[in-house]
Amino acid sequence: RLLERDLRQALAEEQLRVHYQPLADCGGGKIVGFEALVRWTHPVRGPISPVQFIPLAEECGLIMPLGAWVMRRACTDAATWPDDKLVAVNLSPAQFRHADLAKEILAVLKETGLPANRLELEVTESLLIDDPDRVLATLQVLKEAGVRISLDDFGTGYSSLSYLQRFPFDKIKIDRSFVSQMEKNADSMSIIRAVIALGKSLRIKVTAEGVESASQLNLLQQENCDLVQGYLLGKPMAKEDLGKMLSIAS
Ligand code: G
Ligand code: G
Ligand code: MN
Ligand code: NA
C-alpha cells in the first residue's frame, strides 16, 4: 500500500518529475504545445503511476502542494519554450475545493513570467457535477485573465451537453478509448465525428487523444479534427528531451 509518508517525502525530496507529451495540429502536424504529466519514481518501489498517487494525494490533503509544485514546474519550463508553444496542466477536482486556486495559479504565472494565454488547464467532467457554480466562478476568473480551459477525457464521465454551453471551454479532448476503437467499431467513429461537428458549431477546438497509428491519424484528418495527441506523435518525455520537438515547424 502506498503511504502518505512516502508521498510527503517525495514532494520534499524531489522524487517527482514532470514529463511533457506533444500536442499537434491534426492537419499539418505542427507542435502547438505539450501536456504536463507528473511522474514519481519511488526510491524502493520504482515508478508509480499518477493513477495511483493522485487519488492518494487527494485523500491525504497533499493535492494542493502537489498541484502547486506541478504548476510551478510546468510554467517555469514552458517559459523557456518558443512563445507559440503552450503547456497544458491537469487539475484535479479536489483542487477546486480551495477558494484560492485561481489566485494561486495567477501568482505562478506572474512569478514565472509565462503569459496567461500559453497556459491551458485540463479539467474532467467529474469536476462539473459537485458544485458547478463555484467551479464556474473559478474558471471565469482564470479565463478572463487569458488562461485556456480544456475538457479532458470527454465522453467517459457523466457527459452533459449543457456543460458545453455553461462552461467556458476552449477545447474538448476526445477520450482515447474512442480513438482506439475507431477502426473496429462504427459507433466509436460516429461519436468522434459527432464531437468534431459539435466542436465546430460551438467554436470549441477538438483534440483526439491516444493516436497511436498513421491510419488513425489519416481518418482524423479526413474528419477535420483540430488537434491530436498520442504515442504516434510522441510519448511523454523529460524536458531535456524536448529539444528537437521544440524546433520542428515552429
Ligand atoms: O501520464 P499518465 O497516463 O500516467 O497519466 C495518468 C492520469 O494521471 C491521467 O488521467 C492524467 O490526467 C493524470 N495526471 C497526470 N499528471 C497529473 C497532474 O499533474 N495532476 C493531475 N491532477 N492529474 C495528473
Ligand atoms: O487523462 P489524461 O488524458 O490526462 O491522460 C493522459 C495519459 O494518457 C498519460 O498518462 C499518457 O501517458 C497516456 N497516453 C498518452 N498518449 C497515449 C497513447 O497514444 N496511447 C496510450 N495507451 N496512452 C497514452
Ligand atoms: Mn489530460
Ligand atoms: Na485524457
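The stops below go from the overall fold to local detail.

Before selecting anything, note that this is a predicted model, in which local features need pLDDT of at least 70 and side-chain atom pairs count only at pLDDT 80 or more, while totals for chains, interfaces and linings use all residues. Residues are numbered from 1 along each chain as its sequence is written, and chains are lettered from A and ligands numbered from 1 in the order in which they are written.

**The whole protein.** Show the cartoon, where the protein has 11 helices and nine strands; these are DSSP runs numbered from the N terminus, with helices being H or I of at least four residues and strands being E of at least two. The C-alpha trace spans about 50 × 40 × 40 Å along its principal axes. The radius of gyration, 18 Å, agrees with the value near 18 Å for a compact globule, because the protein has 250 residues; that radius is taken over C-alpha atoms, and the globule rule is 2.2 Å times the number of residues to the power 0.38. Of the 250 residues, 35% count as buried, a term that requires 20 or more other C-beta atoms, placed from the backbone, within 10 Å of a residue's own.

**Strands β1 and β2.** Select residues 16-25 and 31-42, which are β1 and β2 and which pair in the antiparallel sense over nine bridges; pairing requires that DSSP finds at least two bridges between two strands. Valine 18 has valine 38 in β2 as its bridge partner. In the hairpin of these two strands, with five residues between them, look for glycine 29, which takes a positive phi near 80°.

A hairpin with three residues between the strands is formed by β2 and β3, and tryptophan 40 stands opposite isoleucine 48 in β3.

**Ligand 1.** Finally, select ligand 1 and the residues surrounding it, among them Leu37, Val38, Ser49, Asn90 and Pro236, where a residue is near if its C-beta atom, placed from the backbone, lies within 6 Å. The elements that give two or more residues to this shell are β2 and α2 (50-59), and α2 gives the largest share, three residues. Which classes make up the shell around ligand 1? The shell has eight nonpolar, three polar and no charged residues, where Ala, Val, Leu, Ile, Met, Phe, Trp, Tyr, Cys and Pro count as nonpolar, Asp, Glu, Lys and Arg as charged, and the others, Gly among them, as polar.

How values were computed. A residue is buried if 20 or more other C-beta atoms lie within 10 Å of its own, exposed if 12 or fewer, and partly exposed in between; C-beta atoms are placed from the backbone.
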